[in-house]
Amino acid sequence: MQSLRFKAIDNLGSKSGVEVKSSAKITGIFGENVFTLKTARQFLSDEAYKSLVASIKGGKKIDRAMGNQIANGVRAWAESKGVSHYTHWFQPLTDMSAEKHDSFFTLKGDGTPIEEFEGTALIQQEPDASSFPNGGLRATFEARGYTAWDPSSPAFIMEIGGGKTLCIPTIFVSYTGESLDAKTPLIKSLVALDKAAVDVCQYFDKNVTKVTANLGWEQEYFVIDAGMVNARPDIAMTGRTVFGHAPAKGQQLEDHYFGAIPERVYAFMRDFETESYKLGIPLRTRHNEVAPSQFECAPIYEEANLAVDHNTLLMDIMTRTAKRHGLVVLLHEKPFAGINGSGKHNNWSIGTDTGVNLLSPGKTPKTNLMFLTFFVNTIKAVHDYAGLLRASIASAGNDHRLGANEAPPAIISVFIGKYLTEVLGQVETRVGGKFDEQDEAMLKLDIHKTIPELMMDNTDRNRTSPFAFTGNKFEFRAVGSAANCANAMTVLNAIVADTLKQFKKDVDSLIEKGDKKEIAIMQVIQKYIVESKRVLFEGDGYSEAWANEAAKRGLPNVKTTPQALDAYTTDLAKKLFESNEIYNHAELEARHEIMLEAYIKKVQIEARIMGELATSVILPSAVKYQNVLLTNIKGLKEAGLKEEAYSNQLQILEKVSTHIAKMSSGVEKMIEERKRVNEISNTREKAIAYCDDIKGKYFDEIRYSVDKLEILVDDAYWSLPKYREMLFLR
């Protein structure tokens with residue numbers, strides 16, 4: 001183990017960036033491996049093309065005959081690019097994608113070999129549902145599940161290891177119809193949001209027939225040398241360091257953010273960007289992040305379902321591409337203690353098929369009233385369903401990050417900036433509790449005068465807020481870097497849809513009583529502002545003062561995943577998801593169970609690797625150095641020197657011996673505690689025990705002694721690569 005560390009360090013100096021061949025113009029390669037509508041026009045008949053367009057834009061079902069025609073066209077395109085295999089590409093509840101490759105090759109009844117791809121193979125496949133996380137929805141003997149084509153996300157060709165595979169984005173459901181993936185509920189939430197938002201848009205523009213949720217994610221990640229990972233089993237097994245003493249120089253000089261990108265990382269970035277462009281992922285930004293060896297990339301925003309697919313695909317591309325450069329991408333939310341972790345900011349907006357961003361203030365009273373409607377409804381949704389939003393970003397990894405100085409706290413609040421705070425305050429207080437017809441002209445004029453046409457500099461960017469308005473969109477900053485965006489987006493779409501449905505009921509009720517439409521809308525907006533204003537916060541979300549203030553306001557501060565996930569099983573959640581046809585009761589219970597099990601398993605793996613490293617790697621190193629000290633002290637004694645000549649060695653020996661004993665004792669206690677906790681049958685209780693009794697107690701106890709040993713043991717004897725070696729040597 002010791003040789004692995006020093007070998008990795010020695011090899012760093014001899015490594016340089018891999019030569020990357022990229023197109024001078026991104027437009028020359030963008031989308032070349034995607035079956036776009038433009039490509040479909042070339043490979044499909046008019047009839048098949050129109051059927052595909054109707055399915056993508058109107059949700060129309062594709063019949064079997066058209067399915068065969070489309071499949072033949074897709075195969076012809078894929079074969080023209082050297083593809084021999086295809087797969088249904090789906091997103092089971094693992095935060096990763098899954099695929100099973102089949103060839104176009106088959107044999108006819110007489111043994112004649114042919115290439116074929118039928119519509120049935122394009123539209124539906126049958127993977128084993130019991131082998132994926134299912135929360136008890138499928139037993140081992142009930143294996144059947146289905147993947148079904150999602151035409152709204154185009155097929156693409158993935159180039160892996162010199163081969164090419166046609167990938168067809170699909171949903172994944174059980175034999176009995178329950179969703180077993182991230183995509184199915186996301187699509188359902190988008191349908192619910194579309195319907196609810198179109199109904200409300202009819203108050204302002206009868207031409208609106210569709211509302212689309214858009215997403216622009218910002219992917220943060222760490223990059224370290226692969227040799228270092230080989231010498232750090234904890235990173236290899238868990239994606240993070242379970243031990244590690246902070247280096248003398250971390251991020252305190254603030255010199256890494258937006259600094260010059262290291263040569264090897266720059267080559268890696270260009271490489272994965274090229275692969276991404278070919279797959280239609282519209283990456284726009286790359287830069288150094290705050291922590292050493294931390295970086296970020298971000299695309300132009302897209303329709304939410306496609307954006308989620310692209311982010312999931314990108315994480316896979318980055319991971320595979322890094323290997324070609326002798327690097328490893330760490331997507332874990334907190335790979336290194338003491339420096340910033342990584343998030344995935346989700347920038348969410350909603351727009352109409354008439355080209356209007358519903359979260360962008362306009363230039364007329366009507367468009368500003370429409371903006372206020374959707375703006376306030378989103379705030380009201382976050383207020384009413386804060387627990388669900390918190391649950392949507394809960395994970396073992398994100399628990400390390402939330403509330404630290406690089407991420408929003410676990411308290412869900414909304415930042416809107418001083419201008420819009422003043423606008424909402426005026427709507428709440430100036431006009432009073434009752435509108436009448438005499439107020440209408442003034443009301444329209446005042447809205448127009450009060451709300452500026454917001455540009456980016458009209459709203460500050462509060463990096464401590466978990467949910468911030470940033471000009472024409474909301475930025476959900478609390479999402480973890482390793483997460484599938486679909487979870488957070490499904491909840492956000494659902495809660496806004498539900499709030500809009502209630503808004504329409506409230507407005508229609510007032511109209512039926514005789515109020516004019518604009519007056520009714522403003523009355524409900526005013527009511528929602530009053531009911532949800534406690535969730536608004538403009539200050540420092542990192543401060544203890546905010547935690548105290550939030551408690552006074554009655555805002556939840558749920559710091560751990562097992563408790564946060566309870567929000568999925570409340571009556572409020574069940575009513576929300578069932579009424580909007582996103583999850584049924586069984587699916588919700590299954591999701592809750594799956595997420596708890598994932599938390600348990602991740603903490604369990606961390607506990608095991610922690611015990612293994614402490615016992616098999618750190619203990620031998622510490623004992624070896626302990627023996628060196630003993631030999632040294634013994635030799636000095638035998639030489640007749642006074643105790644003051646070796647008193648320092650004695651002190652170090654005593655400290656090393658003490659922390660060896662504490663570390664070993666902590667590991668033994670943790671193992672016994674883990675055996676006890678594993679006997680707990682209730683999944684929620686087990687998860688809480690892993691959180692409080694194992695992670696909360698023994699992790700810190702063992703880590704403390706290991707950190708002390710890392711300081712005390714001579715560097716030549718220490719076996720694990722240190723932070724300074726992983727983060728700074730290139």
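**Entry 1: helix 22.** I began with the length of helix 22, residues 647–678, in this predicted model. At 1.5 Å a residue, its 32 residues should span 46 Å, and because the C-alpha atoms at its ends lie 46 Å apart, I noted that the two values agree. I then looked up which residues of helix 22 are buried, and found among them Gln 649, Leu 653, His 659, Met 663, Gly 666, Glu 673, Arg 674 and Val 677. The buried residues of this helix pack against helix 21 and against helix 23, which covers 683–712.

**Entry 2: nonpolar cores.** Which residues touch the most other members of the largest nonpolar core? I found that, of its 157 residues, these are Tyr 221, Phe 272, Trp 348, Phe 374, Phe 375, Ile 525 and Phe 577. Helix 21, residues 585–638, gives the largest share of this core, 16 residues. Apart from this core I found another one of 25 residues, including Ala 48, Ile 62, Ala 71 and Val 74.

Entry 3: I looked up the volume of the second largest pocket, which is about 1500 Å³, and then its lining, which is made by 43 residues. Ser 55, Ile 56, Asp 150, Pro 151 and Ser 152 are the lining residues that lie nearest the centre of the pocket. Several elements each supply at least two residues of the lining, among them helix 3 (46–58), strand 6 (145–149) and helix 10 (304–324), while helix 6 gives the most, with seven residues. By type, I recorded 22 nonpolar, twelve polar and nine charged residues in this lining.

How values were computed
Residues are numbered from 1 along each chain as its sequence is written. This is a predicted model: local features need pLDDT of at least 70, side-chain atom pairs count only at pLDDT 80 or more; totals for chains, interfaces and linings use all residues. Side-chain values use heavy atoms; hydrogens and water are left out. On a 1 Å grid over the protein atoms alone, a cavity is a set of points where a 1.4 Å probe fits but cannot get out, and a pocket is an open set with protein on both sides within 12 Å along at least five of seven lines; lining residues have an atom within 4 Å of a point. Grid points are joined across faces, edges and corners, and a volume is the space filled by probe spheres set on the points. Helices (H or I, at least four residues) and strands (E, at least two) are DSSP runs, numbered from the N terminus. Ala, Val, Leu, Ile, Met, Phe, Trp, Tyr, Cys and Pro count as nonpolar, Asp, Glu, Lys and Arg as charged, and the others, Gly among them, as polar. A nonpolar core is a set of buried Ala, Val, Leu, Ile, Met, Phe, Trp, Tyr and Cys residues joined through side-chain atoms within 4.5 Å. Buried means under 20% relative accessible area, exposed over 50%, partly exposed in between (1.4 Å probe, protein chains only). The expected span of a helix is 1.5 Å times one less than its number of residues. Contact means heavy atoms within 4.5 Å.
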